[in-house]
Amino acid sequence: MAIVKAEKTPARAAPISESSLIGWMRMHLFSSTFNSILTVISLYIIYITVFGVWKWGVTDAVWVAGNRRECFNISINGACWAGVITWLDNIFYGRYPREDLWRVNLGGLLLFIWMAPLWLPRVKAKVFIGLTTVFLYPFLAGYLFAGGEKGIFMQVMITAAIVCLLGNTTHSIIGLFTGRSLPEFLIRLLGKNAASEKSQRNILLGILVLSFAVVYIWQMGWSVEVVPWTKWGGLFLTLVISGVGIASALPGGIILALGRRSKLPVVRVLSTAFIELFRSVPLITVLFMATTMFPLFMPEGFVLNKLVQVIIAVCLFNACYMAETVRAGLQAIPKGQFEGAHTIGLGYVGTMSLVVMPQALKHMIPNIVGSFIGLLKDTTLVSIIGLFDILGMLRSISRDTPWLGLHKEPLIFGAALFFLICFGMSKYSRHLEVKLSTGNKH
Amino acid sequence: MKLQTLLASVAAVAAVSIAGATVASAQSTLDIVKKRGHLRCQVGQPSPGYYNLDANGNWYGLDVANCQAVAAAIFGDKTKLEIQSVSSQMRFTALANGESDMLSRTATWTMSRDTQLGLDFLQPNFYDGQGFTVRKDSGITSALQMKGAKVCVLTGTTTELNLADFSRVNNLNISAVTFEDFNVRDETYLNGGCDSTTGDKSSMAGNLAAFPVPSDHIILPETISKEPLAPAVRHGDSQWRDIVTWVVFAMINAEELGVTSANVDDMRANSDNVNIRRMLGVEGALHEGLGLNKDWAYNVIKQVGNYGENYEAYMGSGKLGIGIPRAGSANALWTDGGLMYSPPMR
């Protein structure tokens, strides 16, 4: 006779007070008289807020109207979204000529196509794709947006960008299906995989030169109309300024951070001075200086494009912030990593690019994305110096005679738009962190 | 905004002293503009009636019409124009350093600005003045009854100073509630945060028209300040000054003579009135003094219209107008008792 039970006692369901919804509510919302009162008050506040906003913004809102007076006539207490809807082109593209909007859209689409492989599995050489996005895409997009006569330099860069885009895209499609890179695929396609490495390289070089020549000749055949920068605006302008700022901040920041940690005194002092100077001044001051004082030092009658001034100011400013982020990342790398790299015979460049930076950058992702989000939002300051970025456009709606005084709806719309973009960026950074975290996850 | 104002004023002083001297001594503004191929005309950040963007991204307004008129006079094409929108802290700097060729924005012509900032104000195209809006049911019918009232006003403007002066002189003890943006000012007033709002009467009329129930509010009869809004150019280039001045005068003169954009072709071909014939370049050589083509005024009137047409379109009851009545105001023609008066064009 066994005292010990042979089979496991079946698990009993959790007591009803723990598991049911009522139990959960009793425990978390109504555990004491005081908490119950708090719960009721909070629920009431949430109810009136949500209900009020919903009533104003959706049920009582006017979506189609010719002007604000019509909105009032339809519903005097609701939002007048009709004004925002009428102004959508201005909000997104600024004063860009309406018949040329496809150029902005195409530029955006190309960027998406260019960067999409970075998200795809099985595609090789992502670093290369990332670098070409930073160094070649801006020429193609810049020409699409600005238009005009193409100089020789622009022709070469545009051709390089198009060749690279075609290469990237076929490379990624091939990679997605076969896991091979474009060169491997081409060699196999031509049946030359048995040939010597040197002749393989020559074949690839030939293909590259040939496609370059074809594209070059093709691109000579078309050009697009000039659109002066004064017509750029809206979300498009905000994204151009912050996009250039983001793309240049990281390389600039890395250089400055390495300069600040350098053993060469001149480099170190210069980098430190530069960083501290820009970091201790507000962005709006830098923008004012760039647009007001800078022209005074230029030769007579020479007016530098205000957009270029702003972009330069934004780039310098953000490179300095990025430099400190990068430096913080570098500090987190233990000394042993440097010493280890030295023992296997790596020089300064090797140590930094192969051992230290890859580890440091991983630590920095939350901060980097944080400063990118900050940069995107800071860009709205340019509306103060007279550029019609998205904020400038949103504020102009309330001055347009048909929509006079309509200021809440546009700002709410802008807030929602910014939230979407910034939230998307921060979600992506979480994704990157998870993907890149290897050993040191807590 | 404090810091910006400080910076901007430092920059303005520097710009005026450095660039004012250099730019003025250089080639004439007309030559620079002609060589560039378009006019750079400065307006402010959108302001109802004077300069606004429409939903298609085009500028319109009374001051924009001035810019277009000068472009039409020089190039015979009102679209050869770049409208620059500059914040009010930077407006005079941008003119002084040569970024803008002329200013056509709601800048009040004052003595200190005219004499100290290195610029010249020209013929005003709008006479404004500060007034008060109150709720009708408050029973107030005169600004002098507003003892101890709370008044909403925009900060950093002359309106704030005028209000303080008015309150002190009349012993009214008005407390000012200040705002950066007229939308927020009006919102606060509508929600009962102030007893009254104050601002330039023209813009208040426009804003009032956009209130949910305009008939609940009235603008009080008192005008407590003089605000002649005039275009301005850099000091020291008389030819350029003449051009901008006479373009404005031509528009006023055209209204007085009954020449409109609709009938100007007919007038040029058939009119016997020697004043009209001289203005439109059929007779005489008025254009030579300005260095423009002989049909400069014709182009202005044909493409932009006379002063009355533009007033009607942007300030009056036109589709894009903000509904300020013109009859009896300072902005009527002198023949109707107003201040719009052009010297003879002969």
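User: Does Leu256(A) count as buried or exposed?
Analyst: This is a predicted model, in which local features need pLDDT of at least 70 and side-chain atom pairs count only at pLDDT 80 or more, while totals for chains, interfaces and linings use all residues. Residues are numbered from 1 along each chain as its sequence is written, and chains are lettered from A and ligands numbered from 1 in the order in which they are written. With C-beta atoms placed from the backbone, a residue is buried if 20 or more other C-beta atoms lie within 10 Å of its own, exposed if 12 or fewer, and partly exposed in between. Because Leu256(A) has 26 C-beta neighbours inside 10 Å, this residue counts as buried.

User: Leaving aside its neighbours within four places in sequence, which residues is Leu256(A) in contact with?
Analyst: Leu256(A) is found in helix H13 (residues 234–260) of chain A, where helices (H or I, at least four residues) and strands (E, at least two) are DSSP runs numbered from the N terminus. The C-alpha atoms of Leu256(A) and Arg327(A), 71 residues apart along the chain, are separated by 8.9 Å. Taking contact to require C-beta atoms, placed from the backbone, within 7 Å, the partners of Leu256(A) beyond four places in sequence are Ser271(A), Phe274(A), Ile275(A), Ala319(A), Cys320(A) and Ala323(A).

User: Which element gives the largest share of the side of domain 1 of chain A that touches domain 3 of chain A?
Analyst: An automatic or database domain assignment gives the bounds, dividing chain A into domain 1 (34–86), domain 2 (97–226) and domain 3 (235–399 + 406–436). The C-alpha centres of domain 1 and domain 3 of chain A lie 38 Å apart. In chain A, 6 residues of domain 1 are in contact with 5 residues of domain 3. On the domain 1 side, the largest share, 3 residues, comes from helix H5 (residues 81–86) of chain A.

User: Which residue in S5(B) is the bridge partner of Gln42(B)?
Analyst: Strand S1 (residues 39–43) of chain B has 5 of its 5 residues buried, with Leu39(B), Cys41(B) and Val43(B) on one side and Arg40(B) and Gln42(B) on the other. Two strands pair if DSSP finds at least two bridges between them; S1(B) pairs in the parallel sense with strand S4 (residues 81–85) of chain B over 5 bridges, and Gln42(B) stands opposite Gln84(B) there. S1(B) is also joined by 2 bridges to the parallel strand S5 (residues 102–103) of chain B, where the partner of Gln42(B) is Leu103(B).

User: How many residues are in the largest nonpolar core?
Analyst: A nonpolar core is a set of buried Ala, Val, Leu, Ile, Met, Phe, Trp, Tyr and Cys residues joined through C-beta atoms within 7 Å. Val70(B), Ala73(B), Val247(B) and Val300(B) touch the most other members of the largest core, and contacts of Val70(B) include Leu39(B) and Cys41(B) of S1(B). The number of residues in the largest core is 152.

How values were computed
Two residues are in contact if their C-beta atoms, placed from the backbone, lie within 7 Å.
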